[in-house]
Amino acid sequence: MSAFVRYRQEWFGNITRDTLAGMVGTFALIPEVIAFSFVAGVDPAVGLYASFVISVVIALTGGRPGMISGAAGSVALVAAALVRGHGVQYLLAATLLCGLLQVVFGMLRLHVLMRYVSRPVRTGFVNALAILIFSAQVPHMLHVTWHSYAMIALGLAIIYTVPRVFTAIPSPLICIVVLTVVSVLHPMPLHTVADLGRLPDSLPHLVWPDVPFSLDTLEVIAPYALAMASVGMLESMMTARVVDDMTETHSSKRQECVGLGVANIAVGLFGGIAGCGMIGQTVGNLRYGGRGRLSTFVAGAFLLLLMVLLRPWVAQVPVTALVAIMIMVSASTFSWSSLRDLAHHPRTTSVIMLATVAVVVGTHDLAAGVAVGVLLNGLFFAFQVSSMLSVTSTLSADGGSRTYRVDGQVFFASSDSFTDAFDLHDTARTITIDLTQAHLWDMTAIGALEELVGRLEAQGKQVQLTGLNHASSSLLERHTALQSQG
């Protein structure tokens, strides 16, 4: 019953703000989705339909209330090669398979891999997205007349000043209305939404990919579907984590992954491209009070309403209004405190964050940036832990025995330092290796210890192992003939 109450609260606990914030999210979706559709090589209607279907379905099935999902650039980059090589119908088939894989990922709880994404990587991810969101607006500000700059400035002034005196309606909506009215009453050389691409003129309908149902087709779409599923899940999980941090709440990442898969299956059946969480639009939704599932639903439902029923009016919205909104979203998304932290945080933390930003911005591939960040984080962590290993020795009064005390973690990165600390030509005939303050983590550590004992015994020495904890002792007994003496 408590789950039902919570679910109802997520839908109807904040109706006014969720509705208005979702409408802001819709206008933030339009330019990005159309741009990403061009990246993927598909008609803008394909991306817009996809964003409608994903938002509506994931509002019902997802695990992170308040998160906006749609046709995203990271997935579009993966899909572009498939569209160029085989056409849109193969993209629809790959979208269906992508959704199925994401459902499987969720059922297998692969979302737990996000635990290995550290805070510096998440910060780099957010900062890179902010930079990409802003850079996507730059083409709209090049080779234009002064009217465009004046309208963008007016839009930003409305967005930032109106909330100081009036908060009932999100200022981006006011910005869109005011700039549209100004451009209609006083015609000027401005690009409009209609110039971005052909807008949908009908409701989406069920389709089935027109491809051969064969192993050859599977061989074509499987690599792309796997890449789309992985990138989409990664971006959605990262976005969900950002929302968790901003709202100081928790969410079900497993349910979000399964819900995304269900949404992408629905997208494929309605002729759209696979999508995932969109952090820029999500931050805009949160900034203007969107916290529940209703805001996600409204972002998709209002998009369809605008595109189909209000198409003539939406077509007249100046692109400068959307640019102003996205500049605000970019500024809100960027973690400005991370610049100050560069001077105070450990150098390795700063390197990880900056490397993540550089790779994402350089490649426009969010997955690549996160992968590099996680890899660097793992390498730095392994280096730091391995450098904490110490081995000290004590020789008995009669010189007949020596005790080596190992303190720290013995694993693949520290095993060489561990073995190098022992003198194989020691004059003592009895060697005791005290592992009370140590832990053996992997087969590299076990192999290093076994090899060390073997070499010492080959020198005619008697070797004793003491102090192994239960986990290390069990690992040793399962994979070697060595025995601990307690």
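Here are legends for a handful of close-ups of this predicted model.

The model is predicted, so local features need pLDDT of at least 70 and side-chain atom pairs count only at pLDDT 80 or more, while totals for chains, interfaces and linings use all residues. Residues are numbered from 1 along each chain as its sequence is written, and side-chain values use heavy atoms, with hydrogens and water left out.

**View A. Domain 1 and domain 2 of the protein.** Domain 1 covers 3–379 and domain 2 covers 389–479; the bounds come from an automatic or database domain assignment. Taken over C-alpha atoms, the two centres sit 54 Å apart.

**View B. Arg-293 and Glu-10 in a salt bridge.** Their side chains meet at 2.7 Å, N to O (a salt bridge is a side-chain nitrogen of Lys or Arg within 4 Å of a carboxyl oxygen of Asp or Glu). Arg-293 belongs to helix α12 (residues 293–309) and Glu-10 to helix α1 (residues 2–12), so this pair links distant parts of the chain, 283 residues apart. Helices are DSSP runs (H or I, at least four residues), and so are strands (E, at least two), numbered from the N terminus. Both Arg-293 and Glu-10 are buried (buried means under 20% relative accessible area, exposed over 50%, partly exposed in between, with a 1.4 Å probe and protein chains only). By the salt-bridge rule, the count comes to 5.

**View C. Asp-245 paired with Arg-122.** Here the closest N and O atoms of the salt bridge are 3.9 Å apart. Asp-245 lies in helix α9 (residues 215–247) and Arg-122 in helix α6 (residues 119–137), so the pair ties together parts 123 residues apart in sequence. Asp-245 counts as partly exposed because its relative accessibility is 37%, whereas Arg-122, at 8%, counts as buried.

**View D. Asp-244 and Lys-253, with Arg-64 in the network.** The side chains of Asp-244 and Lys-253 meet in a salt bridge at 2.4 Å, N to O, and both residues are buried. Salt bridges with shared partners join Arg-64, Asp-244 and Lys-253 into one network.

**View E. Arg-109 and its positive phi.** Not a glycine, yet Arg-109 has phi near 60°. Look for Arg-109 in the loop between α5 (88–107) and α6. With a relative accessible area of 48%, Arg-109 is partly exposed.

**View F. Glu-248, another non-glycine residue with positive phi.** Phi of Glu-248 is near 55°. Glu-248 is in the loop between α9 and α10 (253–269), and its 75% relative accessibility makes it exposed.
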